[in-house]
Amino acid sequence: MVDTSAPSGSRPVAAFAMASWARDSVFPPDVRDRLTRLVDLDPAVCLTTFEGAEAVLGRAEILVTGWGSPRVDERVLAMAPRLRAVIHAAGTVKNHLDPAVFARGLLVSSAADANAVPVAEYTVAALVLAAKQAFTRARLYGAGEARGWSGTAAGGLTGCTVGVLGASRIGRLVLARLAAFDVTALLYDPYVAPAEARLLGAEPVDLDTLCRRSDLLTVHAPELPETRHLLDERRLGLMRDGAVLVNTARGSIVDTEALTRRCAANRMSAVLDVTDPEPLPAGHPLTLLPNVFITPHLAGAQGREQRRLGEFATDEVERLLRGRPLRGAVRAEDLPVTA
């Protein structure tokens, strides 16, 4: 096996900028050791603020960021004249990277591809269980119903029409996994050509048609001004009786109050890993309805899954040092239409 690390003293200097708990979960000892063989990195230093960090920033050529990273703006860049790359060991970079980072021409990478895998797995599991009305029937069973029968047939995913809202990283992984099931997949994404949608295994449709035809509709669109309440009162009203909405993307894409009314009327059900607001206020009607199942934004990498993010980021550092293209490269022009 080729040793790709540079001789001691000539390797690039890197620094962690994230919460210490994130470093420990995303970079367990073996992953951290591999990273320190590639770059000069003090694994004990984990910047959660850039105040007083002039000495570290002045030497750093690579910032390895993650959950809890302080914002990298023009002031920080002025303290980091040697910085040439930001490798983010998590998903979106929008919350901590100022546009100045891209204007300066720094390379930016995100481990969003790695984080997409557990979200897609969660989504498909939710679809399978929702198709059997497992969440509703479990509540009824707990309330004393002998079989947890909800009054309608619960035939499973076979033969269902599954609508996918957004061919994002996660949306595409979900479509790939749905290929193993006997379902009709629909896709709405205004940035995907019909021919590409078909290659992804889906029938391209407009959003109203997606709502009308889907037995289960799963949301994978980014949070943007134009996607706020994309699923509003009118579009939720288009969904057939008994349909299920699964949202593992962002809560703001769905009009919470409109969804509450539809579910309270028992016209549809919902499986929500995200809400708007997040979390919902204590006692919110959505939390009390038997046909709504809410989890606390846990679809993304959790526990042992988080090492995937560190492995991806470490791979990116190695690609950077070898002069290879970054797999998770983030471009400024993509930010307006991505998460």
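Helices α6 and α14 run roughly antiparallel to each other, a label used for angles over 145 degrees, while those under 35 count as roughly parallel, 65 to 115 as roughly perpendicular and the rest as oblique. Their axes come within 8 Å and cross at roughly 150°; such axes are lines fitted to C-alpha atoms, for helices over the stretch in contact, with angles running from 0 to 180 degrees between N-to-C directions. Helices here (H or I, at least four residues) and strands (E, at least two) are DSSP runs numbered from the N terminus, with α6 spanning residues 112-131 and α14 residues 307-322. The model is a predicted one, in which local features need pLDDT of at least 70 and side-chain atom pairs count only at pLDDT 80 or more, whereas totals for chains, interfaces and linings use all residues. Residues are numbered from 1 along each chain as its sequence is written, and side-chain values use heavy atoms, leaving out hydrogens and water.

On the α6 side, the contact (heavy atoms within 4.5 Å) is made by D113, A114, N115, V117, P118 and E121, and on the α14 side by R308, L309 and F312. Sorted by class, that makes 5 nonpolar, 1 polar and 3 charged residues. For this sorting, Ala, Val, Leu, Ile, Met, Phe, Trp, Tyr, Cys and Pro count as nonpolar, Asp, Glu, Lys and Arg as charged, and the others, Gly among them, as polar.

Helix α14 has another partner in α2 (residues 29-38), and here the axes come within 10 Å and cross at roughly 10°. The α2 and α14 pair is therefore roughly parallel. From α2, the residues involved are D30, V31, R34, L35 and L38, and they meet R307, G310, E311, T314, D315, V317, E318 and L321 of α14. This contact has 5 nonpolar, 2 polar and 6 charged residues.

A nonpolar core is taken as a set of buried Ala, Val, Leu, Ile, Met, Phe, Trp, Tyr and Cys residues joined through side-chain atoms within 4.5 Å, where buried means under 20% relative accessible area, exposed over 50%, and partly exposed in between (1.4 Å probe, protein chains only). The largest core has 30 residues, and L127, L157, L178, L187, L216 and V271 touch the most other members. At least two residues each come from α6, β6 (161-165), α8 (169-178), β7 (184-188) and β10 (243-247), with α6 giving the largest share, 9 residues. Not counting residues up to four places away in sequence, L127 touches L157, V162, V174, L178, L216, T218 and V246. A separate core of 28 residues lies apart from this one, and I253, L259, C263 and A270 are among its members.

Q133 is not a glycine, yet has a positive phi of about 55°. Most residues other than glycine have a negative phi, and most peptide bonds are trans. Q133 is also buried, at 19% relative accessible area. In α7 (residues 134-142), the buried residues include F135, T136 and R137, and their cover includes α6, β11 (268-272) and β12 (292-294). G144, which follows α7, has a positive phi near 115°. H229 is another non-glycine residue with a positive phi, near 55°; it is found in the loop between β9 (216-219) and α11 (233-238) and is partly exposed, at 26%.

Two cis peptide bonds turn up as well. One runs from D276 to P277, with omega near 5°, and the other from E278 to P279, with omega near -5°. P277 belongs to the loop between β11 and α13 (285-288), and P279 is found in the loop between β11 and α13 too. T256 lies in helix α12 (residues 256-264) and is buried, at 8%.

Finally, A299, in the loop between β12 and α14, is buried at 4%. A299 and N115 are 184 residues apart in sequence, but 9.2 Å apart in space, C-alpha to C-alpha. Outside the four places on either side in sequence, A299 touches P118, V119, Y122, T248 and D273.
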